[in-house]
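Colleague: I have just opened this one and would like a walk through it. Could you take my questions as they come?

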Amino acid sequence: MSKQPYIVPAIRRVSQSSANPQRLGRTPVIDVIDGVPVAGLLARFGGPLFVFSEAGLRAKIRDAKRAFAAVYPDVTFAWSYKTNYLDAVCRVFHQEGSMAEVVSGFEYEKARANGVPGARIIFNGPYKTTAELRRAVDEGAMIQVDNRDEVVALARLAAEMDRDLKVGMRVHVDTGTHAVWSKFGFSVEGGEALRMIRWMTENTRLRVCGLHCHVGTFMLDAGAYATAARAVTELALEAEEAGCPPVSYLNLGGGFASRARLHGQYLPPEQATPSFDDYARELSGTIKDCWPQGRTLPKLYLETGRALVDEAGYLLASVVAVKQRTVKDAGAALAAYGKGGAGGALAAYGKGGSVVAAVGGRRNAVVLDAGIQILYTTAWYQPSIYPAAEPRTGVQPTTVYGCLCMNIDVIREEAALPDLRPGDAVVIHPVGAYNITQSMQFISYRPAVVMVGTDGHAHLIRRRETLEDVRGPEVVPGFLSEINGTAGEARVDRQ
Amino acid sequence: MNTQSTRLDDLMLNDRGFVFDPNTGESYQLSATGLQCLRALQRGATTAAVLAELLETREVDALTARADLDAFLWELNQLGWL
């Protein structure tokens, strides 16, 4: 007689909340990515493993370009390096015609190393050294000046070179939807930006030919871009009226939302996230309304990052341990699903009280071989977690812990998952934005990254970190060369 | 003759693993293996017999089954069913 598959003997109290497993429906599974089986990827490259879809990246940028080209005559996208500066990812966007948008000397060098000419780089950010500015000027990059000290540094360079320098100016606008990002640039509402443009025109050889405004991040209200576009368009016209050179371009930055889900976000991303068409309509409509009839519209630059890359990124991880977690107030915890559980109320029922505390107050939990050190964005977003194979059971609210020996390492407080066993793979999605660039080497090695190409094959685009990668930059002072009478393998500074 | 039923006897189970405990009014959901174990216990099986049944019918090694079964029995104990 053939044996049946093994499932852990388990019992859960049936909750009356929307977290009731009977009501969570069928469990979605991700067992292939662009036709490549997840199990095969893990077997070949090991885990955890980041996976990017080339087709997904290209589809997004093409959709964004289509949406804007349909409503505005002159739009250029610049790939936001900080969102994900893996060379392979950047090159997909460059192949699709995107410039590079960088915010540091390091990112500038990375873009140049990717073969992007200076004239195809937008140089943003609040900190640019004089040497970096000089290189950017020499190579014809689009510099977006952020602050008065940078204005002074650039003005000195222009004087030294005895030439006019075209620059863009970063400004900030109160759109009423987010806290104003006043860290960056000059205030439009307070008149600071107009005053600075005039001051630069009258006192330096800097010529402000563009205005740059990045209103925020993960903007679920596309209307915020209409507010920002109106403010920068009106500023451009006011500056021209005041005798400054005409502004030839507007750069409305990035901030378009992906289909990630914020903590506490009520509506699912499918309903909450605006489309590229929504953003395009708000931006182009406003600029066209405000710009004088008959004049050529200013060129529009966009630096969207997250919305282009987030959904193309997956993290494959494996369960290493299964636990039962005690939850003191199951009702409160379950409230994240909607109506909330009834655990607290039922505790009042005599004998039932102890029952609720025993089983109702316990929740499935799993420990993965990946942690929040490589999933930095879980601080703000709740990624979906999918089984990588058909589930053996129905789903239960499950806490998903990371692998770090840190109590804060919780990837999801509650994910709807079936009973999982050590060795079972899961797919975490979307994770393409910021997790690569903001991941840190902490406690364990950073994982390999592969790209599933449109050729149907998986290509390694970053190998797994090794001990040598971590120790390489370290130097041990000579007086620490020996411990317990042995020299060890450390690099010893003999000076 | 003692006619009083035990908490374990009182439990009402269906084939999908749904359990109703008439003593508390609470409902529970068992995994398929949990249902198999609980039914065996209702039939009066010992822990060793339940373990033997698991090993005979399921693709599992003895140590894993033992560890999981002990944890399951502990939960049933917490519920006052054993």
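Colleague: What share of the residues in chain A is buried?

Modeller: Buried residues make up 45% of the 495 residues in chain A, and please keep in mind throughout that this is a predicted model.

Colleague: And how many helices and strands does chain A have?

Modeller: The secondary structure of chain A comes to 16 helices and 23 strands. Of the contacts in chain A with a separation of 6 or more, 71% are accounted for by residues 24 or more positions apart.

Colleague: Which domains does the assignment give for chain A?

Modeller: The domain assignment gives domain 1, which is written as 21-51 + 311-464, and domain 2, which covers 85-304. Taken over C-alpha atoms, the centres of domain 1 and domain 2 of chain A are separated by 37 Å.

Colleague: How many residues of those two domains are in contact with each other?

Modeller: On the domain 1 side of chain A there are 13 residues in contact with nine residues of domain 2 of chain A. The elements giving two or more residues to that side of domain 1 are α15 (435-438), β20 (448-452) and β21 (458-462) of chain A. By class, the side of domain 1 that touches domain 2 has nine nonpolar, two polar and two charged residues.

Colleague: Switching to the other chain, how many residues of chain B are in contact with chain A?

Modeller: There are 23 residues of chain B in contact with 20 residues of chain A. On the side of chain B that touches chain A, at least two residues each come from β3 (26-30), α2 (32-42) and α4 (62-78) of chain B. Sorted by class, that side of chain B has eight nonpolar, 10 polar and five charged residues.

Colleague: In which sense do β1 of chain A and β3(B) pair?

Modeller: Strand β1 (residues 11-13) of chain A pairs with β3(B) in the antiparallel sense, over three bridges. Within this pairing, Ile11(A) has Leu30(B) as its bridge partner in β3(B).

Colleague: Where in chain B is confidence lowest, and where is it highest?

Modeller: Confidence in chain B is lowest in β3(B), at a mean of 91, and highest in helix α3 (residues 47-57) of chain B, at 97. For chain B as a whole the mean pLDDT is 92, and 96% of its residues reach 70 or more.

Colleague: What ipTM and pTM does the predictor give the complex?

Modeller: The predictor gives the complex an ipTM of 0.93, together with a pTM of 0.87.

Terms used
Residues numbered from 1 in each chain as written. Chains lettered and ligands numbered in written order. Predicted model: local features only at pLDDT ≥ 70, side-chain atom pairs only at ≥ 80, totals over all residues. Contact = placed C-beta atoms within 7 Å. Helix = DSSP H or I, 4+ residues; strand = E, 2+ residues; numbered from the N terminus. Nonpolar A, V, L, I, M, F, W, Y, C, P; charged D, E, K, R; others polar. Pairing = 2+ DSSP bridges. Buried ≥ 20, exposed ≤ 12 C-beta atoms within 10 Å, placed from the backbone. pLDDT = per-residue confidence, 0-100. Domains from an automatic or database assignment.
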